[in-house]
Amino acid sequence: MTGARLVGVALLLVVGVSACGGGANPPPQVTNHSVTLDWQANRESGVNRAGGGYQVSISGRPTIIVPYAGGPAAPTSAIVSLDTGSYTVTVRAFAALDPQGGNAGNLSAASQSLLLVVP
């Protein structure tokens, strides 16, 4: 990645919520949901090898690290559990080496912020 800068990633979002009904009583209020976050891959070689991957930031929560694990590319999705509410989500790509080839690392600009409303 000598002389290269990581470019940002675009964030896509899939929210999956399920509940079962039946009987005379309404189903209980669901307050925790499984949410799948997907984003476009960053094609920089440093992102897609050991020491690379993505940082997913969700307001009010610790940053999630999605590391490269093997194969041709780092994973481009994460499944998170979120309570009902509104969240701001961004994704950044990272690599172990900086543009000069040193070990300082390299971090892309954040994706555009996405407002996520979990019902």
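**Reading the nonpolar core of a predicted model**

Analyst: In the largest nonpolar core, which has 18 residues, Leu 37, Trp 39, Tyr 54, Val 56, Ile 58 and Leu 82 touch the most other members. This is a predicted model: local features need pLDDT of at least 70, side-chain atom pairs count only at pLDDT 80 or more, and totals for chains, interfaces and linings use all residues. Residues are numbered from 1 along each chain as its sequence is written, and side-chain values use heavy atoms, leaving out hydrogens and water.

User: What is a nonpolar core, and which elements give two or more residues to this one?

Analyst: A nonpolar core is a set of buried Ala, Val, Leu, Ile, Met, Phe, Trp, Tyr and Cys residues joined through side-chain atoms within 4.5 Å. Buried means under 20% relative accessible area (1.4 Å probe, protein chains only). Here the elements are strands E2 (32-39), E3 (53-58), E5 (77-83), E6 (85-95) and E8 (114-118). E6 gives the most, with 4 residues. Strands are DSSP runs of at least two residues, numbered from the N terminus.

User: Which residues does Val 56 touch?

Analyst: Contact means heavy atoms within 4.5 Å. Not counting residues up to four places away in sequence, Val 56 touches Leu 37, Trp 39, Thr 63, Ile 64, Val 66, Val 89, Thr 90 and Val 91.

User: Is Tyr 87 buried or exposed?

Analyst: Tyr 87, found in strand E6, counts as buried because its relative accessible area is 11%. Leaving aside neighbours within four places in sequence, its contacts include Ile 58, Leu 82 and Leu 116. A polar atom of the Tyr 87 side chain lies 2.8 Å from the backbone oxygen of Asp 83.

Conventions:
Buried < 20%, exposed > 50% of the residue type's maximum accessible area, 1.4 Å probe, protein only. Polar contact = N/O pair within 3.5 Å; in protein donor to acceptor, adjacent residues only side chain to side chain.
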